[in-house]
Amino acid sequence: MAEKRDLVRELLDRHCLITPESYEILEDLDADVVDIDKLAEALKDEIVVSPEKLREALASFEELLSEGNLEVEESRELEERKPAPKISSPEPELVTPKEEVKLTPSVKKQKTEFKPIGKQIKTKMKVIHESSGQTTVDGSIGDFKQYFNSRYNQLFAILRGRGDVSGSIGIKDLEKAKLETNEKITITGIVTSKRTLKSGGILLEIEDPTGRLTAAIPAKMQELLVKAGALLEDQIAGFFGRLYEGRFILDDFVFPDIPIVMNKKTIDEPISVCMTSDLHIGSKEFLEDSFNDLLDFLNGRVDDPYQQTLASQVKYLIINGDLVEGIGIYPKQEDDLLITDIYDQYTKADQLLSKVPEWIHIIITSGNHDACRLALPQPAISKEYAPALWKRSNVTFLSNPTTVDLHKKTFLIYHGNSFEDVASLTPGLSMNDPNGPMLHTLRYRHLAPTFGRRTSIVPSIKDELVIEKVPNVYHTGHIHINSHTQYRGVDCINSGTFQAQTEYMSSKNIVPTPGRVPILNLHTNKLHELVFFDDSEIKK
Ligand code: ZN
Ligand code: FE
């Protein structure tokens, strides 16, 4: 093992930058067999040693391979890796280089020069959707009507894109349609109420812009009853069924959902995006030491060559809400504050983020602890509260939610304010697993489907919470628990926190996973998770 690491280090010393994939190939090679000088010579004009270039260079070692100096198994593996697949495996690899990242001052000495790839590649960020400029409304009845019409029209357009819903008819037209008894029909509508009958069946009130009707799921339709658990009030869906004695009997329903896109886009540049959220700077529980370890990592101050290659590729850092702890967020919060002034909290945030290398672009979105309107969509944190951070040329403040393209990869960045509602109203979901609410909101194509619960929503002219563009990456926070799943080709990543468990969380039985930072490579679609905090430290 040590020898293989040496092989990588030798190359780094010769100023070759190695991508993690190339690193893996190198790891499978034997340092005794490979002529480092020859390899370095073959790669000397490469700024970045991509797997393709490395394979080319290694082809010159073919004689060695055929002479049988390498283990048979190793050479076969090398063979298998040769075709350089453009589409990466659907399940990204999770690597947790736990021990390596836990830094102590003695190992922070860099043995090799840090050559960040991110420095050589221009920032390519395009904001697709941003809500900070939204005009505020007074919340009159008319505003709500307009808001729900907008929600309906947007989601109806998405539903209509599904072949199975395209032939739906308006509720008002049902009377005129002179339907036969039991004739199958499709309608699209919003669920305005849902109640369970004594028999176990469910009654739904469904509305569309033309009218309303009552739909029933009979008690005997067990499977559909279970499925209807995920059907929440204010949600829009396509309903299939038949009219029977003036009542709409449901056979099935579909959510707008997202199409299945499994062939994932990759980009040419070997860069990656580092995702975090919920730093809660100003809280007594903010893990400043662990966060400083992340800052060290971003600056390449890591001893392990593999981690150094990971660090060298970071081009973006997304901080998905709750940058600071805020003030007056919950009763008696003063007791939990280390910094009691909101301006000072953002000043502290600036001091920390000033240590992020200037070639890394930082995207900061708002969360429920930040100094801005709580109702969704939350505007960007204003200049007034974070003047120093606003001045930084590598910092962009955006609303919650927001959609940005980073080198043509679409990121939906949403703090997750509605996840408590979604988790508590949907059977089978829990606040300890962010994957559930993430997946459901994608299926609903709406970030906060229910209105009037704990999540407050501004009844804007256009419903900004509809997921119009299907992202490549759906990044959330708020729950303070790291998670990753894939849904129909979308990487769903909850980026955890840098706040240790608070009393409030322990009272709710929420066990956070602080100090874990996912890094997604946009070239390979591989996800790594770096561990900057070991919770056994806290239990001691
Ligand atoms: Zn938070
Ligand atoms: Fe939050």
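Which residue coordinates both the zinc ion (ligand 1) and the iron ion (ligand 2)? Asp322 coordinates both ions, which are 3.0 Å apart. The model is predicted, and local features need pLDDT of at least 70, side-chain atom pairs count only at pLDDT 80 or more, and totals for chains, interfaces and linings use all residues. Residues are numbered from 1 along each chain as its sequence is written, chains are lettered from A and ligands numbered from 1 in the order in which they are written, and side-chain values use heavy atoms, with hydrogens and water left out.

The zinc ion (ligand 1) has Asp278 (OD), His280 (NE2), Asp322 (OD) and His480 (NE2) as its protein donors, at 2.0 to 2.3 Å. Donors are N, O and S atoms within 2.8 Å of the metal (3.2 Å for Na, K and Ca); water is not among the atoms, so sites may look incomplete. The angles subtended by the four donor atoms run from 87 to 176 degrees, which makes the arrangement irregular. Four donors count as tetrahedral if all angles lie between 85 and 135 degrees; four count as square planar and six as octahedral if opposite donors are over 155 degrees apart and all others between 65 and 115; anything else is irregular. Along the sequence, the zinc donors follow the spacing D-x1-H-x41-D-x157-H. Asp278 lies in the loop between β9 (272-276) and α11 (288-298) and His480 in the loop between β15 and β16, so this pair ties together parts 202 residues apart in sequence. Helices (H or I, at least four residues) and strands (E, at least two) are DSSP runs, numbered from the N terminus. Asp278 is buried, with a relative accessible area of 0%, and His480 counts as buried at 4%. Buried means under 20% relative accessible area, exposed over 50%, and partly exposed in between (1.4 Å probe, protein chains only).

Asn368 lies in the loop between β11 (361-365) and α14 (387-391) and His478 in the loop between β15 (473-476) and β16 (482-487), so the two tie together parts that are 110 residues apart in sequence. Both Asn368 and His478 are buried.

The structure holds 15 aromatic pairs. Rings of Phe, Tyr and Trp (its six-membered ring) pair if their centres lie within 6.5 Å; planes under 30 degrees apart count as stacked, over 60 as edge-to-face and the rest as tilted. Phe144 and Phe451 form an edge-to-face pair, at 5.4 Å centre to centre and 90 degrees between the planes. Phe144 is in helix α8 (residues 141-160) and Phe451 in the loop between α16 (435-444) and β15, 307 residues apart. Phe144 counts as partly exposed at 26% relative accessibility, as does Phe451 at 22%. Phe144, Tyr147, Phe148 and Phe451 form one aromatic cluster.

The largest nonpolar core has 53 residues, of which Phe297, Leu323, Leu353 and Ile364 touch the most other members. Such a core is a set of buried Ala, Val, Leu, Ile, Met, Phe, Trp, Tyr and Cys residues joined through side-chain atoms within 4.5 Å. A second, separate core of 24 residues includes Ile187, Leu213, Leu231 and Ala237.
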